[in-house]
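I opened the notebook to go through one protein model. I write down what I looked up, entry by entry.

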Amino acid sequence: MRSICLSPKTISFLSSPRSSPSRHALPPTPLRTEFMVEQIVEKASSLIMKWNPETSAYANVTSLFYESRREAMQFIKCVNDLQKVMHLIVSEDSTHYRLVQAQNLMQIAMKRLQKEFYQILSMNRAHLDPESMSTRSSRTSRSSISDFEDDVLPDDDVRAASDSISEVEQVSSIAMADLKAIAECMNAAGYAKECVNVYKVVRKSIIDEGIYRLGVERISSSRINKMDWQALDMKINNWLEAVRVAMKTLFFGERFLCDHVFAVSESIRESCFSEISKEGATLLFGFPELVAKSKKPSSPEKMFRALGMYTAISENWVEIESIFSFESTSPVRTQALSSLIKLSESIYTMLSGFESSIQKHSSKALVPGGGVHSLTSNAMDYLSLLADYSNVLTDIISDWPPPEKSSLPESYFDSPDSDDPPAAAISTRFAWLVLVLLCKLDGKAKYYKDVSLSYLFLASNLQHVVFKVRTSNLQYLLGEDWIAKHEAKVGQFAASYERLAWNKVFSSLPENPTAEISPEEAKETFKRFNISFDEASRKQSVCVVADPKLRDEIKVSIGRKITPVYREFYEKHRSSVGGQSGAGVFVRYAPEDVENYLSNLFYGTVDSGSSATTSTTSSRQRHRA
C-alpha cells in the first residue's frame, strides 16, 4: 500500500474556513474533531467508491468530468478534504483506525483522477492543440479561464460565463480548468509523478507529430553534402516555414498550456515542458548549423538562404529565450545560438569570397560598344539584394574587422566619426565592395584600344552602379553624398568620351558659322566636316549606352555642340559652293541628316556606311526640291 506524502505546505483541516465555519465560536474538542473526521471520510468514501472502476461497471466506462462537472468538482473537493483529514489524524494519532481507510480511498481517488487526466488530454487533442493554445494565450483574458476554475461552479454558470467566447474556446477553457484542478489535487496528495507521466506521454506525442508534419527530420551532415542544391534548397525553404509555425504556434502553445496546468509548481512545469519539447526544438534549430557547415560551394543562392535562416532565428530570439527559459531547456538556446554563429561565419566567408571573386576576375574580353559589363550587373544585383538584409549583416559584420581604412581614399568615408558604429561598419563594408568593383572596372577599361570607348565604358558601368544604388536599399547605406559624388563622376567620364570621340567634328566647324568667307573656304569647311563626321560616325556606330537617361544626356550634349553651328553654316554657305551638282559633291549632310544620325547613336545598331549613303541621298533630294 502506497503511503501518502504529507506536504508541510498543506493547510491543516481545522485551519480551513470551509471545513469549520464555526471554529471561531466553538474551539475544537476531541469529540467534535472525531465527528468531523468521521463525516469527511464517510462523504469521501461514498463519492470515491461510486467512481471506482474496479467495483463499478458504470464507473469503468463513464468519464466523471464529462458526465457531470459539478460532481467532478465535488469529487476533487472530497479528495482535498480527505487529504487534510489525513494530516490531522497523523498529527494527533497515527494509529487511528480511519487512517488506513483514508489511505485506501486516496489511492482509489488518485487512480480515478489519473484516468480522468488522461481522458481529458486524449479526448481534447483537437481543442488543446498548440495552435489553439497559442491563439488563446494571445487573445483570451485570464478571467475567462478562471471562471471555469471555481471548483464549485455549477454547469449552468459555466455556460453563462462562456457566452462571450466561441464554442471551441469554451471547450478548451473547460478542459484546461479541469486539467489544472486535477494536477493541483494530485500534486497536493503526493501523486504529482503519476500526473506528470501521463501529461508527458500524451503531449510529447503531439509535439513530435507537429515537428514531423512540419517536415523537420533528423539529418546528417554527410547526407546534406550529398544533396544537390535544388533538394537542399527545398529543405531550407521548408525549414523557414517550419520555424515560423513552431515558434508562433507549436512551442509557444505548449509552453502556455504547460504553465497553466502546472501553475502550482515551477519545477513540474520545467520538467514537463523540457521533456516534451527539448528534443524537437533542438532538432529544429540544429538544421541551419548543418547547412552552414556543409561543403556546398559558395553561391548567391546559398548566401541568401543562409541570410534567411539567420534572420528567422534572430527575429525569434526573444521568443526562444522566453519559451525555453528553463535551465533544463538551455540546450535549445545553445543550439539556436550555435546555428547563429555558424551561419554568421558562413555568411562572412561568402561575403569575403564575393570580394575575392571580383578582385580575381581576370577576363580580358571586351564588352562590345563599351556597354555594361556582366561583372557590373551581376555584382550590383548581388549587392542590392544583400542590402535588403542590412540589419542582419550589421550584426554579423560588427563582430568582424573592417577593411583597412588606409586602403580607401579618406574622402570615400561620408562619416568616419559616426555615433553609430554598427551602422558605420555596414556602410563602410558595402562602400568598400563597390569600390573594389569600380577599381576592377577601371582596370578592364584599359583593354580598349580606343581611349574614348574606355571612357564610355566607365560612364556606362558607373551609371549602372549608381542606378542600382539609388533604386535599392543601398541608397540608405551609402547615402546621398555618395550618390551625388558618383553621378558627378559619370558626367566626367561622359565628358571625356565626348571630347575624345567627337572633338574633330567640333573643331571642323568655324567658331563663327555666319562669318563671310570665300567659296573655297566654305568648300574646305564642308569637306573637313564630312571627313570628321564620317570617321566619328563609323567609330561610334557600335557604341552602346544602356541607361536611357545617360544615353539622352550624351546625345543632347553632342548635338548641342554640332547641330546649331552646322545648321547656321549650312544655311549661310550651301549656295556658295556651286550649283546642285556642286552642292551634292561638297555638302553631304543636311542639318536634318546630322540630327537623325545623332538620335540613333548608342544603340549599337547603326551602320555607318548605309547611314552616310542614306544621308547623302536625302540631302540631294532636298537640293533638287
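This is a predicted model: local features need pLDDT of at least 70, side-chain atom pairs count only at pLDDT 80 or more; totals for chains, interfaces and linings use all residues.

Entry 1, aromatic rings. I count rings of Phe, Tyr and Trp (for Trp, the six-membered ring) as a pair if their centres lie within 6.5 Å; planes under 30 degrees apart are stacked, over 60 edge-to-face, and the rest tilted. With that rule I found one aromatic cluster formed by Trp-502, Phe-526, Phe-529, Phe-533, Tyr-566, Phe-569, Tyr-570, Tyr-589 and Tyr-597.

Residues are numbered from 1 along each chain as its sequence is written, and side-chain values use heavy atoms, with hydrogens and water left out.

I take helices (H or I, at least four residues) and strands (E, at least two) as DSSP runs, numbered from the N terminus. The protein has 26 helices and zero strands. I call a residue buried under 20% relative accessible area, exposed over 50%, and partly exposed in between (1.4 Å probe, protein chains only). Of the 625 residues, 50% are buried.

The whole structure holds 22 aromatic pairs. I looked at Phe-304 and Tyr-389, which form a tilted pair, 6.1 Å centre to centre with 35 degrees between the planes. Phe-304 is in helix α14 (residues 300-315) and Tyr-389 in the loop between α17 (374-386) and α18 (390-397), 85 residues apart. Phe-304 is buried at 17% relative accessibility, whereas Tyr-389 is partly exposed at 24%.

Cys-195 is in no disulfide, and the nearest cysteine sulfur, that of Cys-272, is 7.5 Å away. For Cys-272 the closest cysteine sulfur is in Cys-258, at 4.8 Å, which is too far for a bond. Cys-195 is buried at 2% relative accessible area, and Cys-272 is buried at 0%.

I used axes fitted to C-alpha atoms, for helices over the stretch in contact, with angles from 0 to 180 degrees between N-to-C directions. The axes of α13 (residues 266-292) and α16 (residues 330-359) come within 8 Å and cross at roughly 10 degrees. Angles under 35 degrees count as roughly parallel, over 145 as roughly antiparallel, 65 to 115 as roughly perpendicular and the rest as oblique, so α13 and α16 are roughly parallel to each other. Contact means heavy atoms within 4.5 Å; the residues making it include Phe-285 of α13 and Leu-343 of α16.

Conventions: A disulfide is a pair of cysteine sulfur atoms within 2.5 Å.
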